[in-house]
Amino acid sequence: MITATMHRQPILERLSARLGVVGLIPFLLVLIVIGMSLFEPRFYGLSNVFNILRNTSFLAIMACGQMLVMIVGGMDLSVGAAAALTSVVAAKVMAGATEGLGVDPGLAVALGVGISLASAGAVGLLNGLCSALLRVPSLIVTLGTLSIVSGVTLIMTSGIPVYGLPQGFITGFGRALWWGLPAPVYVAVAMVAAVWLVQRKTVLGTHIYAIGGNPLAALVSGIPATFYIVLTFVLCALLAGVTGLLITAQMGSGQTNLGGDRLMLLSIAAAVIGGTSLRGGIGRAEIVGLSALFLSTLTNALNLLRIDSKKELVVLGLVVVVAVAIDSLGRGKAAVE
Amino acid sequence: MGEVDGIRSPAVVLAASRGRRENLVGVAGLFYRVLLPASPIILVLGFGFFVPTVLSLENIINIIQQTAFLFVLTGAQTIVLLTRGLDLSLGPSVSMISVGSALTMTVVLGTNGASGAVAALAGTAAGLLLGFLVGLFNGVVVAWLRVNPFVATLASMNICLGIGTSLSDGHPVFGIPEEFNVVGYRMHVLGIPMSIVYAIAVGVALHILLQYTVVGRSFYVLGSNPRAAIVAGWPRRRLLAVAYILSALLTAVGALILTARAASGAPNLGGGLSLQTIAAAVIGGVSLTGGRGGLSSAIIGSFFITILSNGMNLAEIDGYTQMLVMGAIVIFAVALDRIGRMEV
């Protein structure tokens with residue numbers, strides 16, 4: 001049976017093995033950029049480029065967190081909810097501190113960022129502890145926390161946006177240009193670089209790969225897997241929180257619904273298209289960042305071509321399937337397990 | 001994933017961790033074996049203690065009728081879960097099938113001046129065909145393109161969502177023939193509401209499929225020991241595709257009954273059903289790693305979820321708090337299941 005199927009699809013498999021999904025993304029990205037630039041002058045307008053870069057930044061940070069969880073063999077469905085919680089908590093704290101207590105805006109922003117990231121970290125801690133200690137599949141845990149956290153966020157705000165952020169946080173950061181580029185771009189580059197460094201240069205990174213790649217070997221060689229699994233979930237939630245803060249600063253208000261489940265789905269898509277294995281052990285931050293750029297450019301191109309958001313979903317779905325199919329066919333018979 | 005202090009030989013580590021787990025199986029396992037089948041009843045009585053209306057005859061009938069819908073769809077999800085798969089496209093495909101079949105019915109009614117019965121049949125056929133296509137897509141992508149089921153159905157979920165909302169521009173489709181609504185929902189057979197009749201029929205069919213047919217039994221092996229299926233020389237990919245197609249056809253049945261209840265094609269009918277059915281199946285005892293579960297787990301799980309939301313509604317707990325409680329209960333129930341069945 002195995003040999004029969006291998007003989008049946010040799011060309012397809014050889015082709016995809018050579019190209020790989022990672023090799024395909026830059027190629028497709030260039031194709032979109034050239035095609036769009038030829039037919040749609042608005043595409044390379046400065047405001048549109050900035051728009052793409054902002055969306056890429058939001059997505060890349062969240063997708064890097066998602067990738068970390070996937071490397072240890074998990075999945076985080078609660079990233080969107082964690083980002084929304086961060087957004088609401090940050091806005092409430094900042095607004096309360098400046099308007100209610102009359103605290104200096106700079107201090108209020110620091111307080112807001114600190115407390116809101118702590119709340120995101122708590123979500124990650126809950127995810128990690130339930131997955132690692134109670135051994136509940138992370139899909140179910142994060143499905144549960146998605147519901148819990150969304151409930152908490154909605155109870156806090158009744159679904160109404162939270163206004164009253166210090167102006168400096170919005171104009172000086174969220175909507176600002178630093179040295180000619182949107183501020184979130186610098187944050188995203190820093191975050192992706194940090195995750196890359198951790199993955200490449202630290203024991204933490206090596207151990208995370210080991211746990212996902214071969215859990216038994218990791219256990220036997222004395223790696224405290226439970227600790228590292230909890231840590232990756234916390235890191236993932238914190239990164240989602242950073243995305244939440246960036247979007248809050250850009251929108252100028254705390255939002256209970258940062259694009260619904262869309263952001264969560266896109267973060268999974270970006271991680272998976274970026275070559276992260278759902279079975280754990282494989283994933284690189286820089287490629288996930290690249291695939292975030294690809295997805296943001298693609299959705300932007302679809303918008304400019306006036307393909308409405310409903311049909312955009314169909315295209316996104318097909319892109320994900322094709323990308324992952326190429327990837328898993330390329331890995332050949334390893335996928336049959 | 002257990003904790004290890006210092007480096008020990010693999011055999012010692014494994015033996016130690018296994019011993020510890022077996023203890024848990026003893027106490028929590030027994031607790032769990034008794035608790036699981038009784039949990040929906042405990043839940044009803046618990047809510048009934050605080051809110052007496054929960055135990056009224058009308059509400060009990062209401063609960064059973066509500067459960068019928070969720071049960072059919074949870075059954076569909078269970079088939080795929082058994083093969084170590086997952087169907088995230090279930091909810092959006094319910095919406096798409098609902099809109100697609102409703103549109104077909106209105107078109108047939110309008111252009112040919114056909115009778116309502118013909119239109120209803122055409123709509124049903126269109127719904128089943130759409131379901132078949134979704135299943136075929138999922139099956140081919142999972143089995144032949146070797147895409148992880150999570151990703152494959154995440155993609156088809158988006159595709160169904162896109163098609164479902166653009167078919168009717170996101171508006172509900174009215175003008176469904178009365179015949180469809182009556183046979184699909186409003187009729188009674190021997191005093192039993194149609195939705196319950198359908199649920200019983202689906203339950204019997206599902207049980208026969210999973211227990212007494214070679215194809216159905218093979219789903220368990222595909223999930224619990226895929227390598228065995230390969231070694232035995234089974235047409236593994238074809239079986240996997242069949243699982244996805246059967247699951248999607250069952251989803252189509254559920255979507256058609258829901259459409260008859262709503263008396264319209266509703267583009268947001270499916271909503272959170274994908275995750276709700278996964279939660280119901282897992283609470284009922286289906287394993288996400290495949291090979292475990294069946295008719296009883298779908299019944300228990302769908303009753304559990306329905307009673308929980310019905311009870312919270314009658315207790316006038318607001319929607320946001322309900323989300324919170326539902327999330328916590330799902331995690332708690334599955335944790336209990338895992339501890340009860342701790343496996344290496």
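This is a predicted model: local features need pLDDT of at least 70, side-chain atom pairs count only at pLDDT 80 or more; totals for chains, interfaces and linings use all residues.
1. On the contact between the two chains, chain A contributes 51 residues and chain B contributes 45 residues. On the side of chain A that touches chain B, two or more residues each come from α5 (105–132), α6 (138–157), α10 (215–220), α11 (225–251), α12 (262–273) and α14 (309–330) of chain A. Among these elements, α6(A) gives the most, with 14 residues. Sorted by class, this side of chain A holds 37 nonpolar, ten polar and four charged residues.

2. Two of the helices named above, α5(A) and α11(A), also pack against each other, at an angle of about 145 degrees and with their axes 7 Å apart. Their crossing is right-handed. The contact of α5(A) with α11(A) is made up of 16 nonpolar and eight polar residues, and no charged residues take part in it.

3. A second pair is formed by helix α3 (residues 46–71) of chain A and α12(A), whose axes come within 8 Å and cross at roughly 65 degrees; the crossing of α3(A) and α12(A) is likewise right-handed. From α3(A), the residues Leu59(A), Met62(A), Ala63(A), Gln66(A), Met67(A) and Met70(A) meet Leu263(A), Leu266(A), Ser267(A), Ile268(A), Ala270(A) and Ala271(A) of α12(A). By class, ten nonpolar and two polar residues build the contact of α3(A) with α12(A), again with no charged residues.

4. Turning to chain B, the model has 13 helices and two strands there. Of the 344 residues in chain B, 51% are buried. Among the contacts in chain B with a separation of 6 or more, 79% are accounted for by residues 24 or more positions apart.

5. Val320(A) deserves a separate look. Leaving aside residues up to four places away in sequence, Val320(A) touches Ala269(A), Val272(A) and Ile273(A) in chain A, and Val151(B), Leu154(B) and Ala155(B) in chain B.

Key: Residues are numbered from 1 along each chain as its sequence is written. Chains are lettered from A and ligands numbered from 1 in the order in which they are written. Two residues are in contact if their C-beta atoms, placed from the backbone, lie within 7 Å. Helices (H or I, at least four residues) and strands (E, at least two) are DSSP runs, numbered from the N terminus. Ala, Val, Leu, Ile, Met, Phe, Trp, Tyr, Cys and Pro count as nonpolar, Asp, Glu, Lys and Arg as charged, and the others, Gly among them, as polar. Axes are lines fitted to C-alpha atoms, for helices over the stretch in contact, and angles run from 0 to 180 degrees between N-to-C directions. A crossing is left-handed if the near helix is turned anticlockwise from the far one by less than a right angle, and right-handed if clockwise. A residue is buried if 20 or more other C-beta atoms lie within 10 Å of its own, exposed if 12 or fewer, and partly exposed in between; C-beta atoms are placed from the backbone.
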